[in-house]
Amino acid sequence: MFLKKAGLIVLSLFCAAPCVFTQARPAFPADNSVTVTDRNFLPLRNILSGKDGIMIPVNLQDVNPWLILSVLAAEDKRFFEHGGVDLKASARALWQNINAGRVVSGASTITQQLVNAISPKERNLKGKIKEAYSAAMLEREMSKEEILQAYLNTVNFGGNVYGVGAAALVYFDTNAESLSLSQSAFLAGLIKSPTRYNPLKNLPEAVKRRDEVLKRMLENGFINEELYKLALEENIQISKQNKKFTAPHYGLFVADKAGGSPAFIQSTIDGKIQAYIEGILPGYIKALSANNVTNAAAVVLDNKTGEVLAMAGSADYFDEKNSGQVNGALSLRQPGSALKPFVYGTAFEEGFLPSDKVEDKDKFFQGSFRPKNYDEDYHGTPTMREALACSYNIPAVQVAGEVGAFKVLEVLKRAGFSDLDKSADFYGLGIALGNGEVNLLELANAYRALANNGVWRPMTYALNPQIRQEGRAVRVFSGETAFMLTDILSDNNARAAAFGLNSPLNLPFDFAAKTGTSKDYKDNWAAGYGRRFTIAVWVGNFDASPMRRISGITGAAPILRDIALFLEENYPSAKVKDDTSFDMPASLARVDICPISGMLVSKECPNSVREVFPINKLPKEHCALLKTEHQSQKISALGAQEGILFPMQGDVFMQSPSLDLAAQQIKFRSSQDGIWYLNGQKLPCARGKECFWPIKSGKYKLRLDTDEKKYEVNFEVLK
């Protein structure tokens, strides 16, 4: 019979609750809160009255009865007996305070606390009178069950944790229904002073407070002696905080986009994709820490709908040392070579073709601008396909000069880069190398335009119909230009000269991608798209310090690759269409041409390449060069390159955790035949210009011995 009082209380609550709460999502008091969930209604976070906090609303029948009884024992044991103000408790508190000559006891009921949470009152006699009156009025408007539910969903449990749903998850990694008696008393004890008893800062004090709540429950007949002793003996273990928030940056972002209305936001975030990205970023940053890399951000968009499926603004939201709460997906940074596709796209719109030759030699441009290639070498006269795929800087600036920086800037603005708001004269030809500032989210949507046949469309942030997309569709490029860019960015052979055949951008399905590194090595990027999704990744430091020996291909690209593999495995392209290759417009055709002359291949051509042309610009004449002329022109085009071509001095590679280690290799390349050595040991390769080496973590010195000279480069492989 010792539980008779407790049983009556709980029974009254749970008999009434189903009648009172029938909606799919529980109601909230009028506190201007905004609740954000993922696309499947799983909670992300809650923004409360201008404060950044987490709240997971729950219905009263989904709260463990032990928690309800613990809260009543700790805060208002006569809750079901008074009309909003407990006169007995008030009289007792007044007498105790008078005798002590100071405030030693309070008597605010649950209803009064709720009233004060909704509309805080002055902490004086006048304020207490207003609070009491408001509590009495609230009792006339709401049932006891409604008041108790609202209270349990809004009361502070320390820091930015509001409501029993969030408290159960944050502190015990469970839900409000699964709490034990001891855990329930522990949480109820925090309410009295969330700061003093904050378990993250003062766990011993919080446990002592739990013991006090359990004693009150015993004294009030809510539990018996046996339950009391068992609960006292239970060890309280607080779960780790960094597991309790999903898409924390996006919750704030979409709430800001919604402008405070509606109070419930069903975001576009796919929890599965988000969790995967949040899971891999810390490991990559740890592996790159020796290169002074402390952070990363990643975004995933649905190509068709524009829905933001994932946004990780940093590697660890709770990393205060490295400014983890900064949203790297929205921060303005220099994108480096990541803007080059839009430079070449501008040229294709002006009539240039992927097969057209462009000069790559030391040159001064307007304003004494003298760009250098990343490998600090020159590559003769590559085609536009090769120049873009290999990300050569000098040809990109040359192309921008041909079409005009103002036209490139117009294209970039059509592609959604809203922060490129200076004049073309301000950026100059440096716009081709990303000397303006953009953010990762806009970069992703610009690449999505390439995936969507050259049409830019606004992104979708939430599934609520009243949260509209911003802007309307804009054609950035023709469908033909968009496909030519896609074809180049997915051409692994074309980029092999710079990145090798087994770079992180070489995926087992069609995927168009580009990397970028700012000139001061403060930022590196990778952006790409398949048939269904567009991905963009940034790696760097929020304090703007430069990275060491890191490029887009070694920093951001491996992350891009892993995300792309995860998406393809879990959301296959084949489910969109039987053929996973990109669709070529009917107005384009592929023909075999000579890579030296650019004309139709002839029997004298030692090899050929398949190139894309508009049907009305197909080459009509066959190559007239002799075999010896092909070789001489090839040597002339390559210029003075010699020695080891790949890897370059100081390159850093990374093992991919998503691939079998035995399948990961680096292809060493040289301009001359020779014998290959690694850390002084001869490699099991035949004398020649190429050697495949199974990747293994460590620091290495690669040597090539030719008949005339020895060449050496140093490189590193990270786990």
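Modeller: Ala, Val, Leu, Ile, Met, Phe, Trp, Tyr, Cys and Pro count as nonpolar, Asp, Glu, Lys and Arg as charged, and the others, Gly among them, as polar. The model is predicted, so local features need pLDDT of at least 70 and side-chain atom pairs count only at pLDDT 80 or more, while totals for chains, interfaces and linings use all residues. Residues are numbered from 1 along each chain as its sequence is written, and side-chain values use heavy atoms, without hydrogens and water.

Biologist: How do the residues of the lining of the largest cavity divide into nonpolar, polar and charged?

Modeller: Lining residues have an atom within 4 Å of a point. Among those of the largest cavity are Phe509, Phe533 and Leu567, together with Asp510, Arg531 and Glu568. The division is 6 nonpolar, 2 polar and 4 charged.

Biologist: Which element gives the largest share of the lining of the largest cavity?

Modeller: Helices (H or I, at least four residues) and strands (E, at least two) are DSSP runs, numbered from the N terminus. The elements giving two or more residues to this lining are β12 (533-540) and α21 (557-570). The largest share, 3 residues, comes from α21.

Biologist: Which element gives the most to the lining of the second largest cavity?

Modeller: The lining of the second largest cavity includes Leu388, Ile488, Phe499 and Lys514. At least two residues each come from α14, α19 (479-489), α20 (492-499) and β10 (512-517). With 3 residues, the most is given by β10.

Biologist: How many residues of helix α15 are buried?

Modeller: Buried means under 20% relative accessible area, exposed over 50%, and partly exposed in between (1.4 Å probe, protein chains only). Among the buried residues of α15 are Asn393, Ile394, Pro395 and Val403. Helix α15 (residues 393-403) is largely enclosed by the rest of the structure, because the buried residues number 9 of the 11.

Biologist: Is Glu402 buried or exposed?

Modeller: Glu402 has its place in helix α15. In space, Glu402 lies 7.9 Å from Ala347, C-alpha to C-alpha, although the two are 55 residues apart in sequence. The relative accessible area of Glu402 is 51%, so Glu402 is exposed.

Terms used. 1 Å grid on protein atoms, 1.4 Å probe; cavity = no way out; pocket = protein on both sides within 12 Å on 5 of 7 lines; lining within 4 Å.
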